[in-house]
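User: I am new to this structure. Please walk me through some of the labels used for it.

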Amino acid sequence: MGQISLSIDSGNESSSKFDDDGRVKRTGTALTASAHIITAVIGSGVLSLAWAIAQLGWIAGPIALMAFSFITWFTSILLADCYRSNDGSRNYTYKDVVRSHLGGLKVQLCGIAQSSNLVGSSIGYSITASISMVAMIRSNCFHKHGHEAGCHMSNNPYIIGFGAMQIIISQIPNFHKLSWLSFVAAAMSFAYSSIGLGLAIAKIAGTGGKIESSLTGIPIGPNMSSMDKMWNTYNALGNIAFAYVFSSVLVEIQDTIKSGVPENKVMKKATLAGISISTVFYMLCGVLGYAAFGNNAPGNFLTGFGFYEPFWLVSFANLCIVIHLVGAYQVFCQPIFGFVEDWSKGKWPENKFITEEYSICGFKVNFLRLVWRTCYVIFTTALAMLFPFFNDFVGFLGAITFWPLTVYFPIEMYIARRKIPRFSFTWIWMEILNGICLVISLLAAAGSIHGLVKSLRLFKPFHSVS
């Protein structure tokens, strides 16, 4: 039997492994940053876009998609310019950037908003991954027993299975070690989006385009009251907003870019590439999904079984979703992991449980990382089983985090950094954009809360069934 080696890192590694500030040397490029962005952006949000456009219609739906895309790109550029403080020092997290440029109570508000987004995204990805796992099995069931068969299954075992997988993968130390997973996840997002597009095109061809749709979305009638129409419209805006949420991890992604080149310039290129590619896929998935299903578009067009055949392709697409969400979960967890671990090391620098890295069979293990990250995954897994409402949950996440993280803080920090005078032309139009996005976020949050309340009336905790 081979021996298990156990050693403690001496800390005498070559200085070539560290940047001039003493932190681990950054190795990221525009390509790796783009992969992180695509992994973060093209996630579960893409699956609900056909439903969102069905609520908004042929006019407002595509306009909303393009508007959120442009706003996200513009504010991401502002945020990229704020990565370094005025004295040239690096900021390692979103919260550090806010502390450097705004300070005061806004730092705590940013921490709350970012944590809510990151934890909420973890829960949302757990829900979506489990639904896709179940959809793989249900697809085979429908193929064998017919499309009228129920083939109902509990989601809980699959939420637990996804959580168990994340406990292992969460031991990846930081963003710098995550690039390979982001490349795999980005490839998977292209795969399932492309499959969804192909199936939608085939469905459109099969029906000859004779699908009930509308310029204004699902019409008010026997199955849709005016109030339901209003709430669904607001919820759809939240779904689209969630599809573009990645600002909460933008600074952490930018902090992986290697030294020697201006990080903001590299990040701007990565952001333009990532958001452009994502928007093309979003427009295709949303528009072609609505063209394929019309007003009957499901909330999740690959797991809502708008498509039954070819069953093996539907199953493969859902497998790609699961693999992608494994990576996306990690991209959104790493900032939380890093914050707690850095804070603990600063608070108790002599505690070996917190600071020591042990080498076991070639793998670096830290006991704080092992215990804390395992507890976090268990926590998000339990909440995913408690609240498995995909569309309403996705809409609510997008609504409450889009404005503060994607719009408010980037604009306010840029104004402070550039010392833009109050009531100047630039200040006025930036604040108008700020206000418009706040109103949209509040309306979307109201629609999502209304949907969650309706779902809760019928739901029994920990009894999630697909």
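**Helix crossing and other labels**

Analyst: Helix 4 crosses helix 5 in a right-handed sense. Right-handed means the near helix is turned clockwise from the far one by less than a right angle, left-handed anticlockwise. This is a predicted model, where local features need pLDDT of at least 70, side-chain atom pairs count only at pLDDT 80 or more, and totals for chains, interfaces and linings use all residues. Residues are numbered from 1 along each chain as its sequence is written, and side-chain values use heavy atoms, with hydrogens and water left out.

User: Why are helix 4 and helix 5 called oblique to each other?

Analyst: Their axes come within 8 Å and cross at roughly 120°. Under 35 degrees is roughly parallel, over 145 roughly antiparallel, 65 to 115 roughly perpendicular, and the rest oblique. Helix 4 and helix 5 are therefore oblique.

User: Why does K419 count as exposed?

Analyst: The relative accessible area of K419 is 65%. Buried is under 20%, exposed over 50%, partly exposed in between (1.4 Å probe, protein chains only). So K419 is exposed. K419 is in the loop between helix 13 and helix 14, and its phi is near 55°.

User: What makes F423 exposed?

Analyst: F423 has 59% relative accessibility, so it counts as exposed. F423 lies in the loop between helix 13 and helix 14. Its phi is positive, about 70°, although F423 is not a glycine.

User: How do you know that L319 is partly exposed?

Analyst: L319 has a relative accessible area of 33%, so it is partly exposed. L319 is found in helix 10.

Notes
Helix = DSSP H or I, 4+ residues; strand = E, 2+ residues; numbered from the N terminus. Axes fitted to C-alpha atoms, helices over the stretch in contact; angles between N-to-C directions.
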